[in-house]
Amino acid sequence: MFSQNMMIRDGEYTKTIYTMIKEERFLEAINVLNGIPEVSTTRAGLSLLGHCYYQTQDFIEASNCYETLVNLVPDVPEYKLYYAQSLFQAGLFEESHRIITAVDAPHLKDKVMQLLSAIAYGNEDYSTAQSLLLQRQGSGQEATVKNDEGCLLYQANMHEDALARYVSALQAGGFNPHIAYNAALCHFRRKENSQALNYIAEIVERGIRNHPELGVGAQAETEGGARSVGNPPALAASGLAQAFNLKAAIEYQEGNVEGSREALTDLPPRSEPELDPVTLHNMALTDPVGGGAGLRRLAFLLELGPPTCPPETFANLLLLCCKHEMYDTAADILAEHTHLTYKYLSPYLYDLLDALITAQSTPEEAEQKLGVLANSIGGRLRSLAAKVQECRSAPDQNALRMALREYESALESYLPVAMARAWIPWRVDDFQGAEREFRASAEFCSETPTWRLHAAHVLFMRGDRYKEAAAFYEPIVRQNYDDILAVPASVLANLCVAYIMTSQNEEAEELMRKVERAEERKGNANGQCLHLCIVNLVIGTLYCAKGNYEFGLSRIAHALDGGSGARLCADTWLHVKRCVLGLLTGLAKQTIVLPSIAIQETLAFLRTCEAYGLTIPSVLTGPLEDSGEQPPTIGLEARKLRALLSRLMEYK
């Protein structure tokens, strides 16, 4: 600090500081100003410092500066306005309201009314916000008023009317990235993603053209090594953060998690402490490493509380806990934040989460709760289906679109309930009971891809319904035949097994060749593409389960490149040791006879796994597990298995 100030000659402080502010180098200006003792006691110094803090979004420090100014020059109403605005941006709505109501200046009336409306909106006092908005009509700020009207309509779930206001605001005031984002958000809520993406594309295009210094896409180009641009005013004005987050939400909703992650990577580079809450929330949902980091980020946001915490955080944290089967954690979060339950969880979502948590201790009670929920939504689906049929025969296409949208929304709510009802018997290996639940929900869900996929899994696990399972799997594969690696590896593996079990070996071999050619085209040098590996593992495990250990273990060794490749990990090692332990058990009981050459190949395979798995953990850990103890390694377990197999051979 001292050395920086010494570089500025006497008499040039004013010129230097104003140049920094003009060039939006606010952090540098703050450093210089804080090095001048007189700044904290003079009107000019505090005014400049407060402005710089506000522009860097350090609203607490900005409010401190303006509070001092209000006491220093109480006759200047602008400082009270700036003080109230800083408090509002810091989320201190009550304090902001107290200050702004004390501003009595006719020339600031419009700004005062606008801030009062924003405070009421932030406090979710929408009736007061509407009343204040009516008083602002004819203020000469048509675009702003239209935008605020749209916000109130959006909050009331009147997305079509809100969209009309936003479009009108854009026409009245010209392009504004924040209003364009609001319009895109309405399209998103109306499931009109292509229109939403059009607005997003325009926001991004203008942002890149007008603010090249923000480095859009630099993280992707440098693989996350780009220099942080911080949170300059240009970023807030450009609307880029909001646009990329909405694009990520659209991709996530459409099931393209990788595309969602790429959209977040395109954001201007910032370090994690500099990220806004919405970006941090979305990064938590799309975290590529696993659930641990995502859960921690969501828990951190939840502790910040409103208005900083995005309203979706509470529900998504609970859903993520349930996804990772951390039901006790979900129950604890619900108990600790009961005040958020009624505010952020719909009755439907609360009932669903409650049933999932209850299933851990009393499955029968959970089944009853889910049954009540399914019957309620099922009745609504039937009435909506009748409404759709009526609208089809009427000339009003808008009514038909609305009816279809309502039906699809109800179906989206019904599907998780149907899956949960089947999951309760599935988790105790009652696959017949799971199939029964799927048949009960077929009336509504039989055409949905998610239902068909999980129905196929249930039929496959029955062990005697491979032909029916293949009939469900085949359309999923055919739909993506030109991009076979887009199909989940589990689907390809199960379909190959189903073909083998129904004596369709040629079809299984052709599918495996198709996957192998696709992996070769994509390039598998880093071992990241594991489709063929998983297919071979599943087929090898199947043959081992049927007693053909010679062929089964050879497929497993082939799947893992003989144990020397990057495919050797805790996930794949689990299949290896299960099959080898099965072999050891059979050999010990003398129920299995294996040729000597097959024994030697197995020993060589385990020796390679031992060498390459010395530092690779052999167990899968949960997203929040951190016991502090060093987990066992694949190398250690491979050595023990090899020793047991050698002893059995010596015993013979």
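# Notebook: helices, a cavity and a pocket

I began with helix 23, where Leu349, Leu352, Leu353, Ala355, Leu356, Ile357 and Thr358 are buried. Buried means under 20% relative accessible area, exposed means over 50%, and partly exposed lies in between (1.4 Å probe, protein chains only). Helices are DSSP runs of H or I with at least four residues, strands are runs of E with at least two, and both are numbered from the N terminus.

I noted the ground rules next. This is a predicted model, in which local features need pLDDT of at least 70 and side-chain atom pairs count only at pLDDT 80 or more, while totals for chains, interfaces and linings use all residues. Residues are numbered from 1 along each chain as its sequence is written, and side-chain values use heavy atoms, with hydrogens and water left out.

**Entry 1: the whole chain**

I counted secondary structure and got 35 helices and 0 strands. The chain has 652 residues, and 45% of them are buried. I boxed the C-alpha atoms along the principal axes and got roughly 100 × 75 × 45 Å. Then I looked at contacts, meaning heavy atoms within 4.5 Å. Of the contacts with a separation of 6 or more, 56% join residues 24 or more positions apart.

Domain 1 covers 1-104, and domain 2 covers 559-621 + 631-651. These bounds come from an automatic or database domain assignment. The two centres, taken over C-alpha atoms, are 68 Å apart.

**Entry 2: more on helix 23**

Helix 23 runs over residues 347-358, which is 12 residues. I checked its length: the first and last C-alpha atoms are 16 Å apart, close to the expected 16 Å. The expected span is 1.5 Å times one less than the number of residues. What covers its buried residues? I found helix 20 (313-323), helix 21 (327-336), helix 24 (363-392) and helix 25 (397-426) among the covering elements.

I picked out Leu349, which sits in helix 23. Its relative accessibility is 14%, so Leu349 counts as buried. Beyond residues up to four places away in sequence, Leu349 touches Ala315 and Leu319.

**Entry 3: helix 12**

Helix 12 spans residues 177-189. Why is helix 12 largely enclosed by the rest of the structure? I see 10 of its 13 residues buried, so the rest of the structure largely encloses it. Among the buried ones are Pro177, Ile179, Asn182, Leu185, His187 and Phe188. Those buried residues pack against helix 10 (142-155), helix 11 (159-173), helix 13 (193-210), helix 15 and helix 16 (240-253).

I checked both ends. At the start, a side-chain oxygen of Asn176 comes within 2.9 Å of the backbone nitrogen of His178. Just after the helix, Lys191 has a positive phi of about 60°.

I found Arg465 in the loop between helix 27 (449-462) and helix 28 (466-479). Is Arg465 buried or exposed? Its relative accessibility is 16%, so Arg465 counts as buried. Setting aside neighbours within four places in sequence, Arg465 is in contact with Glu435, Arg439 and Leu459. With Glu435 there is a polar contact, side chain to side chain, at 3.0 Å. A polar contact is a pair of N or O atoms within 3.5 Å; within protein, one must be able to donate a hydrogen and the other to accept it, and residues adjacent in sequence count only if both atoms are side-chain atoms.

Pro475 is in helix 28. At 28% relative accessibility, Pro475 counts as partly exposed. Pro449 is 26 residues away along the chain, and the two C-alpha atoms are 9.7 Å apart.

On a 1 Å grid over the protein atoms alone, a cavity is a set of points where a 1.4 Å probe fits but cannot get out, and a pocket is an open set with protein on both sides within 12 Å along at least five of seven lines; lining residues have an atom within 4 Å of a point. Grid points are joined across faces, edges and corners, and a volume is the space filled by probe spheres set on the points.

How many cavities of 30 Å³ or more does the structure hold? I found 1. The largest cavity has a volume of about 40 Å³. Its lining is Leu302, Gly305, Pro306, Cys309, Leu340 and Tyr344.

The second largest pocket holds about 510 Å³. I counted 20 lining residues, with Leu27, Val229, Gly230, Asn231 and Pro232 nearest its centre. Helix 3 (26-34) and helix 15 (233-238) are the elements that give two or more residues to this lining. Helix 3 gives the most, with 4 residues.
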